[in-house]
Each structure stands twice: as structure tokens, then as C-alpha cells.
Amino acid sequence: MDPQQQFCPNFYCLHRGKSGQGNIRVHSRKERRFRCTTCAKTFAATKNTPFYRLHKPLPLVTIVLTLLTHGCPLQAIVAAFGLDERTAADWHEKAGRHTQRFHQLHLEPGRVAAQHIQADELWAKMVARKVWVAMSMAVESRLWLGGVISRRRDGVLITTLVQGIRRCLASLAVLVCVDGLASYVSAFRKVFRHKVRTERGGYAWVIDAGLLIGQVIKRYSGRRLAEVVRRVVHGSAVAVAAVLARTGTGSGVNTSYIERLNATFRASLAGLVRRGRALWRQEGRLQAGMYLVGCAYNFCWEHDSLRVAAPAGGGAKWLGRTPAMAAGLTDQVWSLEGLLSWRVVPAVWKAPRKKPRRRCSAVPVTRPRAQAA
């Protein structure tokens, strides 16, 4: 129990969410509790984690979440461990909310240095309807950059996805490869721009000169693929070829990497399989499952194409790396238990926006005149 890595979760504490301030002490090693000297409050070591206030052993919860992350059916877990279906689903949803916050803290402050981005969308089956899941990735590091869920495949879905991509990237000079959906081009041109002061004292919106956008348009004849058109819609073909050669991600505009990532998510989330009987009932659980699989893919799963040669003299020939290690976000392979045990910093509290007071216009009250007798 290291108190230097802990922070106080008390909402009214002056050091809330700040670690390394010297205000945390060990309160009880047996009960695994800490104490804040600033507000004199105690808290459990599992506070701000999915393991907080769970009455089951931590190894059992970790095994169940590991199986759910790798696509094991919920009914099989219930039958094997004798759990209630609602209990396992609640653990899954808590872990998803935890990993979503983990993703925001480790990727979205603009910490990803990428040169090639790919984005795509796929649909998920739900009860009496289907929803669209749009996701993106940094190709050279295979890093998953997040996803968005919406009931419609429209510009709002794509714009929200592109806004999440911009929050992750350290530089906007990237190559973007997408499919033939026209919303991608307009969304990237709208989001990947910044204000520049003009000579006349005003402002103008300018797109970064390094932004390159390529599209892969597939045309079908019935159910058969008839033609594939690859085109550059923003930038020059020479610049696109230079980025592809520098990153080693193909000889032409392609979306093969994001389509392979979609297959990984389909294998882990049964509701994304095209021909299957599994259905999602709530969009929140689908989002939780998506972020749990995405964070496990980024920080816990080693990728064969990212391995490097081991130093001479060692027993191993290759050293495996995760996408987060390839992107420089971490220097170790995380375990799922370590990922879920990491205490997420609470979000900064924002005062609710006050609604403007409605002004009621005074309506004169007229009394009926007395009728003459």
C-alpha cells in the first residue's frame, strides 16, 4: 500500500483528485483503507475502481471480466460460476465506465503522435432496432482511438467521432483513410481547423496544411463487389504516398487495418456479429463493452505485428508489445486486473448552467361589465 500514489476522493476536500501532495496516510492495512490529513476522511483502496463495494472475491470478478472481454457468452459464465445474470452484467457495466474514464485520461489529452488514421462504422443488433458504432485507430501503432454509438448513421455520428480523434492527436497533420461516406470529408474539414488572425484584424478558419484525406469507395453489383475506387479528396497523391511509405502501412489508400480491428471487436462482442442470435438491450452496456474491449486491446493484448527483436543474450527471440507501448503511452504490458485496479481521477466538477429566467408578460385582467337591469 503506497500512499504516495493515492488521492482523496472526498468532494469537499481541497486536495481532491491530486496525488503526491503528502496528505494521504495508511489508516488500516488489514482493511486496506487510507486517510486524508486535509479533510480527515478515510477511504478504501478500491475507491474509484470497479471492485469498490463488491461482495465477491477479487480473483473471481477478474476472471469473469476477462472472459467477457474475450467474448465468452454471459449465460456460460452464469452457468459455470453460479452467479446471477444481473450481477455479471453489473460488473461488466462498471468495468466499462471505468475503462472509458481511463481512456479519456490516457489518450484524449493529445498524447497520441500518429501519422495515419483510419475510421469506419459498423452496426450492432439490439432488441427491435439496430445502432451504429463508429470507431477509429492510429494505424502505425494499431492504437484504438475510441468509438461513438448512435441510432443513425449521419453527420452527427461522424462529427462526434472526429472530435474524439482530435482530442487524442498531438498533431493535426495526419493522413486519414475512410470509406465512401461523404460525412467523413466534411467532418474532418470542419473539426481539423483552427482560427488565425488576419491582417485586417479579424479571424479566419484555416485547415492544417498536413491534413490528407483519402477515400476507398466500393461499388457492388447485387451482393458482389464490382469495383473499388481509391481517390484523394484532400491533399496531393504524392504526399499520401510519402506518408504510406514512411509508416509502412500499404502502397495505396486503404481501410484494411480498421476493418481488421472491426473483426477483433466482433469476436469479443457477440452483438456485433452479422449473423448471430445475440442481441443488446441497452446502448449503455454496448458502450461499456466497447470501451472495456478497446482498453484491453490497447494496454493488455500483445500484437504480433508490433513485436521487436529481443536484446542479445536473452532467452527470448522477440519482445511482444501492445498498441499503447508502440504509441509510447506505457512501457509495460498491463494485466486486466491492474487496469481495473487503477484508480481513475474524478472529473472536475462544473457548476450546472443556470437557465435564463423566463419573463412573463403582464396580461391585463378585464372584468366583465355589469349588465344594465
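# Close-up views of a predicted model

**View 1. The hairpin of strands S5 and S6.** In the hairpin formed by S5 and S6, 4 residues lie between the strands, and Arg142 takes a positive phi near 60°. The model shown here and in the other views is predicted. Strand S5 covers residues 129-138 and runs antiparallel to S6, to which 7 bridges join it. Met137 has Trp144 in S6 as its bridge partner.

**View 2. The open sheet of 6 strands.** The strand order is S6-S5-S4-S7-S10-S11, and the pairing in this open sheet is mixed. S6 and strand S11 (224-234) stand at the edges; each has a single partner strand, so one side of each is left without a neighbour in the sheet. On average, neighbouring strands of this sheet are turned by 20° against each other, direction ignored.

**View 3. Strands S10 and S11, with helix H5.** Strand S10 (residues 212-221) and S11 run antiparallel and are joined by 9 bridges. One of the residues involved is Ile217, whose bridge partner in S11 is Val229. Helix H5, made of residues 182-191, lies across strand S4 (116-126), S7, S10 and S11. The helix runs at about 170° to S10.

**View 4. The open sheet of 3 strands.** Strands in the order S1-S2-S3 form an open sheet with antiparallel pairing. Strand S1 (24-28) and strand S3 (42-44) are the edge strands, and each pairs on one side only. From one strand to the next, the twist averages 35°. S1 pairs with strand S2 (residues 33-36) in the antiparallel sense over 4 bridges. Cys36 in S2 is the bridge partner of Ile24.

**View 5. Helix H1 against helix H3.** Two packed helices are described by the angle between their axes and the distance between the axes. The axes of helix H1 (residues 58-69) and H3 come within 10 Å and cross at roughly 80°. That angle makes H1 roughly perpendicular to H3. On the H1 side, the contact is made by Val61, Val64, Leu65 and Leu68, and on the H3 side by Ala88, Trp91, His92 and Ala95. The residues of this contact of H1 with H3 divide into 7 nonpolar, 1 polar and no charged.

**View 6. Helix H2 against helix H3.** Helix H2 is formed by residues 74-81 and helix H3 by residues 85-106; their axes come within 9 Å and cross at roughly 120°. The crossing in which H2 passes H3 is right-handed. Leu74, Gln75 and Val78 of H2 meet Glu85, Ala88 and Ala89 of H3. By type, the residues of the contact of H2 with H3 are 4 nonpolar, 1 polar and 1 charged.

**View 7. The surroundings of Ala173.** Ala173 is found in the loop between helix H4 (155-168) and strand S7 (175-179). With a relative accessibility of 34%, Ala173 counts as partly exposed. Leaving aside residues up to four places away in sequence, Ala173 touches Asp208, Gly210 and Leu211. Ala173 and Arg307 are 134 residues apart in sequence, and their C-alpha atoms are 27 Å apart in space.

Technical notes:
Residues are numbered from 1 along each chain as its sequence is written. This is a predicted model: local features need pLDDT of at least 70, side-chain atom pairs count only at pLDDT 80 or more; totals for chains, interfaces and linings use all residues. Side-chain values use heavy atoms; hydrogens and water are left out. Axes are lines fitted to C-alpha atoms, for helices over the stretch in contact, and angles run from 0 to 180 degrees between N-to-C directions. Helices (H or I, at least four residues) and strands (E, at least two) are DSSP runs, numbered from the N terminus. A crossing is left-handed if the near helix is turned anticlockwise from the far one by less than a right angle, and right-handed if clockwise. Contact means heavy atoms within 4.5 Å. Ala, Val, Leu, Ile, Met, Phe, Trp, Tyr, Cys and Pro count as nonpolar, Asp, Glu, Lys and Arg as charged, and the others, Gly among them, as polar. Two strands pair if DSSP finds at least two bridges between them. Angles under 35 degrees count as roughly parallel, over 145 as roughly antiparallel, 65 to 115 as roughly perpendicular and the rest as oblique. Buried means under 20% relative accessible area, exposed over 50%, partly exposed in between (1.4 Å probe, protein chains only).
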